[in-house]
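Hi,

Here is the structure I promised to pass on.

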Amino acid sequence: QVRVVESGGGLVQAGGSLRLSCAASGSISSINAMAWYRQAPGKQRELVADINSGGSTNYIDSVKGRFTISRDNAKNTMSLQMNSLKPEDTGVYYCEVVASAFPWGQNTYWGQGTQVTVSS
């Protein structure tokens with residue numbers, strides 16, 4: 001089985017910074033894509049940023065220039081550095097991992113989420 005665990009959420013004032021971390025563990029043979037999603041109260045979960053195994057990244061427009069996604073392929077970890085936070089960044093942030101693991105092949109795995117709250 002593959003386990004995905006997020007950490008690093010919390011309460012911060014607008015303009016502040018937080019760094020989220022995601023660690024995948026288990027019988028992993030390779031990780032393809034990794035991504036951060038978030039879900040605000042009453043809204044659908046949305047993709048915030050993703051990164052593939054080669055390091056190519058994508059961001060939604062609202063976080064470009066403020067958030068930076070990165071990963072360590074050797075450690076099966078991913079981070080999201082969030083700067084200049086805004087109240088609209090508030091939500092539960094989820095880590096998504098697309099991984100190949102023996103004997104199940106490639107599947108998508110999710111963490112339990114970490115709360116980010118930005119006060120105005």
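Below is what turned up, going from the sheet to the aromatic residues and then to the salt bridges.

One thing to keep in mind: this is a predicted model.

**The sheet**

Four strands make an open sheet, ordered E1-E3-E8-E7, with antiparallel pairing. The edges are taken by E1 (2-7) and E7 (67-72); each has a single partner strand, so one side of each has no neighbour in the sheet. On average, neighbouring strands here are turned by 15° against each other, ignoring direction. Cysteine 22 has methionine 78 in E8 as its bridge partner.

Searching the whole structure gave 1 aromatic pair. It is made by tyrosine 37 and tryptophan 110: the ring centres are 5.0 Å apart and the planes stand at 65°, which makes the pair edge-to-face, because anything over 60 degrees counts as such. Tyrosine 37 belongs to strand E4 (residues 28-39) and tryptophan 110 to strand E10 (residues 105-110), so the pair ties together parts 73 residues apart in sequence. Tyrosine 37 is buried, at 18% relative accessible area, while tryptophan 110 is partly exposed at 36%.

Arginine 45 also comes in here. Its charged end sits over the ring of tryptophan 110, 4.8 Å from the centre, and also over the ring of tyrosine 94, at 3.7 Å from that centre.

**The salt bridges**

The whole structure has 4 salt bridges. Among them is the one between lysine 64 and aspartate 61, at 3.0 Å from N to O; aspartate 61 is exposed, with 62% relative accessibility.

Another joins aspartate 89 to arginine 66, with the closest N and O atoms 2.8 Å apart. That one links distant parts of the chain: aspartate 89 is in the loop between E8 and strand E9 (91-101), and arginine 66 is in the loop between strand E6 (57-59) and E7, 23 residues apart. Both ends are hidden away: aspartate 89 is buried at 1% relative accessible area, and arginine 66 is buried at 10%. Salt bridges with shared partners join Arg38, Glu46, Arg66 and Asp89 into one network.

Arginine 38 is buried, at 6% relative accessibility, whereas glutamate 46 is partly exposed at 35%.

Cheers

How values were computed: Residues numbered from 1 in each chain as written. Predicted model: local features only at pLDDT ≥ 70, side-chain atom pairs only at ≥ 80, totals over all residues. Heavy atoms only, no water. Pairing = 2+ DSSP bridges. Helix = DSSP H or I, 4+ residues; strand = E, 2+ residues; numbered from the N terminus. Axes fitted to C-alpha atoms, helices over the stretch in contact; angles between N-to-C directions. Phe/Tyr/Trp six-rings, centres within 6.5 Å; stacked < 30°, edge-to-face > 60°. Buried < 20%, exposed > 50% of the residue type's maximum accessible area, 1.4 Å probe, protein only. Lys NZ or Arg CZ within 6 Å of the ring centre and 35° of its normal. Salt bridge = Lys/Arg side-chain N within 4 Å of Asp/Glu carboxyl O.
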